[in-house]
Amino acid sequence: MGLQNEEKLELGCSSLQPKPKKWALLMVRVVAFLATAAATLVMALNKETKTLVVATVGNTPIKVTLTAKFQHTPAFVFFVIANAMASFHNLVMIMVEFCGQKLDYKGLRLAMVAILDMMTVALVSGGASAAIFMADLGKNGNSHARWDKICDKFETFCDHGGAAIIASSAGLILMMIISVMSILKLLIKPKSDSS
């Protein structure tokens, strides 16, 4: 009879309140989600069109309209995909934080979360590194390869790209912190979840 009074019927995710110790990880994960989502949206919506004079024949300038888009550079496409996947990962992990007790199988949930967090750090790091390289090339050019800089012509495009890279770098740092917290959570298991 004593056991029946203590038992609770839980349906779905009825206990949506994580324990107080989990709030720190949850809040860092929410901020990382916002940072990577902002990086994804800013870079994905990054587009600028300019009409430039490319030559002059006599007194008549020859003009051409050029558009700079993130899709024109494979590194920026990878950047958008990597940050979108990191945002999705953080969103799923936030849901797992609330409903994860139902999904735990012999304690493997913590190990899988730690592994997925480390993989996400690697993914965001690769995307940010590729975008930083291309941003530097766009800003400074490469005189040895005779690649001209474009940021003097497409200022808004470069400014938005820089903002996306800053947001992604902040998300990367937060993902590293989350990865360390996930590993510590795995190594320091609570004595009992009933408290």
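Predicted model: local features only at pLDDT ≥ 70, side-chain atom pairs only at ≥ 80, totals over all residues.
Residues are numbered from 1 along each chain as its sequence is written, local features need pLDDT of at least 70, side-chain atom pairs count only at pLDDT 80 or more, and totals for chains, interfaces and linings use all residues. Side-chain values use heavy atoms, with hydrogens and water left out.

The unreviewed UniProt entry lists residues 23-45, 75-98, 110-135 and 163-188 under "transmembrane region", in the numbering used here, with feature names shortened and annotations that may be inferred rather than shown by experiment. Over residues 110-135 the chain is 100% helix and 0% strand, with 37 Å between the end C-alpha atoms, and over residues 163-188 the corresponding values are 96%, 0% and 37 Å (helices are DSSP runs of H or I of at least four residues, strands runs of E of at least two, numbered from the N terminus).

Helix 2 (residues 23-44) packs against helix 5 (residues 155-187) at about 155 degrees, their axes 8 Å apart, where axes are lines fitted to C-alpha atoms over the stretch in contact and angles run from 0 to 180 degrees between N-to-C directions. The two helices, helix 2 and helix 5, are therefore roughly antiparallel (angles over 145 degrees).

One disulfide is found in a search of the whole structure, a disulfide being a pair of cysteine sulfur atoms within 2.5 Å. Cys151 and Cys158 form this link with their sulfur atoms 2.0 Å apart, and the link is left-handed, with -90 degrees about the S-S bond. Cys151 is buried at a relative accessible area of 17% (buried means under 20%, with a 1.4 Å probe and protein chains only).

Definitions and conventions
Buried < 20%, exposed > 50% of the residue type's maximum accessible area, 1.4 Å probe, protein only. Parallel < 35°, antiparallel > 145°, perpendicular 65-115°, else oblique.
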